[in-house]
Amino acid sequence: FSGTGQKGDDITLTINTKTYKTTVNESGNWSVTVSDTLGEAEYDYTVTAEDTAGNTSTTSGTIDVDLTAPTLVDKGLSVATDSGSSDSDNITSNRTPVIEGTGEIGAAISVVIKGKTYKTTVDDSGNWSVTVTDTLDEAEYDYTVTAEDTAGNTSTTSGSITVDFAAPSLVDNGLSAATDSGSSDSDNITSNRTPVIEGTGE
């Protein structure tokens, strides 16, 4: 705890039933360290200043000791930027994708990917998202997400995404041999009214 006052005044801080004393220094400042370890809780306190004539002034306040790491959930790529056949596989052709998740309201979020750090804050609905503005190449990328609450407690998680913008291989073989009837099983001429068309691909 610290504050200002009249030089030479005696300062008494009372918190958690303990009393701590100091004196206002030549610069008009005072500070007190609470040496009795505080548990996780909200604490009321009072500060009293007494001058050499015995006059006193008192103020009060409240502090909150928070030792709990903030909640943090990394959902990976947003549905809107997780392209392709699945919107939840963390594989995308988007080179500036969005990574999102949930956490403790007001916590600071830092996402580190490809040596870059992107920052945001958990909103009032408990959600967060960052857009990777540094264009990603075709590769798999590991990343970390760190949440820091207002008390300085942190939680960290990690994940990976894959950026793939190469067109998939595709070969059309036409009718299957089994349904390509007639003298040739590879001429794509058939009497089969429900034929099979086949090929290969990625």
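1. Ile-109 sits across from Thr-120 of strand 11. That belongs to the pairing of strand 10 (residues 108-113) with strand 11 (residues 116-121), antiparallel over 6 bridges. Strands here are DSSP runs (E, at least two residues), numbered from the N terminus, and two of them pair if DSSP finds at least two bridges between them. One thing to keep in mind: this is a predicted model, where local features need pLDDT of at least 70, side-chain atom pairs count only at pLDDT 80 or more, and totals for chains, interfaces and linings use all residues. Residues are numbered from 1 along each chain as its sequence is written, and side-chain values use heavy atoms, with hydrogens and water left out.

2. Strand 10 also runs antiparallel to strand 13 (residues 139-148), joined to it by 6 bridges. On that side, look for Ile-113 opposite Tyr-143.

3. Back to the hairpin of strands 10 and 11: there are 2 residues between the strands, and Lys-114 has a positive phi near 55°. Lys-114 is partly exposed, because its relative accessibility is 37% (buried is under 20%, exposed over 50%, partly exposed in between, with a 1.4 Å probe and protein chains only).

4. Now the charges. The model has 3 salt bridges, each a side-chain nitrogen of Lys or Arg within 4 Å of a carboxyl oxygen of Asp or Glu. One of them joins Lys-114 to Asp-137 at 3.8 Å, N to O. Lys-114 is in the loop between strands 10 and 11 and Asp-137 in the loop between strands 12 and 13, so this pair ties together parts 23 residues apart in sequence. Salt bridges with shared partners put Arg-95, Lys-114 and Asp-137 into one network.

5. The Asp-137 to Arg-95 bridge has its closest N and O atoms 3.3 Å apart. Asp-137 is partly exposed because its relative accessibility is 41%; Arg-95 is partly exposed too, at 32%.

6. Elsewhere, Lys-7 and Glu-26 form a salt bridge (3.6 Å, N to O). Lys-7 is in the loop between strand 1 (2-4) and strand 2 (10-15), and Glu-26 in the loop between strand 3 (18-23) and strand 4 (29-31), so the pair ties together parts 19 residues apart in sequence. Both Lys-7 and Glu-26 are exposed.

7. Last, Glu-40, Glu-42, Asp-44 and Asp-64 make a negative surface patch (residues with over 30% relative accessible area and no salt bridge, like charges joined within 9 Å). Asp-44 is in strand 5 (residues 41-50) and counts as exposed because its relative accessibility is 57%.

Notes:
Patches are made of residues with over 30% relative accessible area and no salt bridge: like charges are joined within 9 Å, nonpolar side chains (Val, Leu, Ile, Met, Phe, Trp, Tyr) within 5 Å. Accessible areas come from the Shrake-Rupley method with a 1.4 Å probe; for residues, only the protein chains shown count as cover. Lys and Arg count as positive and Asp and Glu as negative; His and the chain ends are not counted. The place of a charge is taken as NZ of Lys, CZ of Arg, CG of Asp or CD of Glu. Helices (H or I, at least four residues) and strands (E, at least two) are DSSP runs, numbered from the N terminus.
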